[in-house]
Amino acid sequence: MPHTQSYRGQSKIQNPKSKIQNPKLIDGYLFPPDLKSIDEIQQELEAVHRVGLTNVEMVKKAPLSDFYTGVCLRFPQQGQFDPLKYLTGLAEAIQRRGGRIYPEAHVEKIPGGLPARVETSSGKVVRADAVVVATNSPNEVTSVENK
């Protein structure tokens, strides 16, 4: 599956001394916020199948002894890893290939366009061929036109 292959590729990025060279693959489960949201789980199943994750399946419950999930989706062979070890390896790989990381820079604006520009709160501007916005949620810096 593409997502499993991607995970196995990620393990090569990490530091060779990392304990994650042989990824641990386990099943992951997505369950609704309440037992009445079966329609939501059905919509999620249809969505993941549309994007090619056809081995995801609906199951009666997750195999948990202390918590009843009700109907949920099983995502087989999901990678389990230490995110700090992964990010350390990723940062090292970026720097080995000439990339720069600015961890203390507060981004004010990403205007878009080529070359990419990032404006910081200190007034400095970073220009690059590409910019990675690593955030889990939309914010005032990211917008639809930047994606």
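User: Where does Val 107 fall: buried, exposed or partly exposed?
Analyst: Val 107 is partly exposed, with a relative accessible area of 26%. Buried means under 20% relative accessible area, exposed means over 50%, and partly exposed is in between, using a 1.4 Å probe and protein chains only.

User: What kind of model is this?
Analyst: This is a predicted model, in which local features need pLDDT of at least 70 and side-chain atom pairs count only at pLDDT 80 or more, while totals for chains, interfaces and linings use all residues. Residues are numbered from 1 along each chain as its sequence is written, and side-chain values use heavy atoms, with hydrogens and water left out.

User: Back to Val 107. Which strand is it in?
Analyst: Val 107 is in strand β4, residues 107-109. Strands here are DSSP runs of E with at least two residues, helices are runs of H or I with at least four, and both are numbered from the N terminus.

User: How far apart are Val 107 and Val 118 in space?
Analyst: The distance is 6.7 Å, C-alpha to C-alpha, for two residues that are 11 apart in sequence.

User: How many helices and strands does the chain have?
Analyst: The protein chain has three helices and six strands. Starting at the N terminus, the order is α-β-α-β-β-α-β-β-β.

User: And what share of the residues is buried?
Analyst: Of the 147 residues in the protein chain, 22% count as buried.

User: Which residues make up the largest nonpolar core?
Analyst: Seven residues do: Ile 41, Leu 45, Val 48, Leu 53, Val 56, Leu 73 and Phe 75. A nonpolar core is a set of buried Ala, Val, Leu, Ile, Met, Phe, Trp, Tyr and Cys residues joined through side-chain atoms within 4.5 Å. In soluble globular proteins, nonpolar side chains tend to be buried together.

User: What does Phe 75 touch?
Analyst: Leaving out residues up to four places away in sequence, Phe 75 touches Ile 26, Asp 27, Gly 28, Leu 30, Val 48, Leu 53 and Val 56. A contact means heavy atoms within 4.5 Å.

User: New topic. How many salt bridges are there?
Analyst: The count comes to three. A salt bridge is a side-chain nitrogen of Lys or Arg within 4 Å of a carboxyl oxygen of Asp or Glu. One of them joins Asp 27 and Arg 74, at 3.0 Å from N to O. Asp 27 lies in strand β1 and Arg 74 in strand β3, so this pair ties together parts that are 47 residues apart in sequence.

User: What about Glu 57 and Arg 74?
Analyst: Their side chains also meet in a salt bridge, at 2.8 Å from N to O. Glu 57 is in strand β2 and Arg 74 in strand β3, 17 residues apart. Asp 27, Glu 57 and Arg 74 are therefore described as linked in a network of salt bridges, given the cut-off for such a bridge.

User: Which peptide bond is cis?
Analyst: The bond from Leu 114 to Pro 115 is cis, with omega near -5 degrees. Pro 115 is in the loop between β4 and β5 (116-120).

User: What is the phi of Gln 77?
Analyst: Gln 77 has a positive phi of about 55 degrees although it is not a glycine. Gln 77 is in strand β3. Most residues other than glycine have a negative phi, and most peptide bonds are trans.
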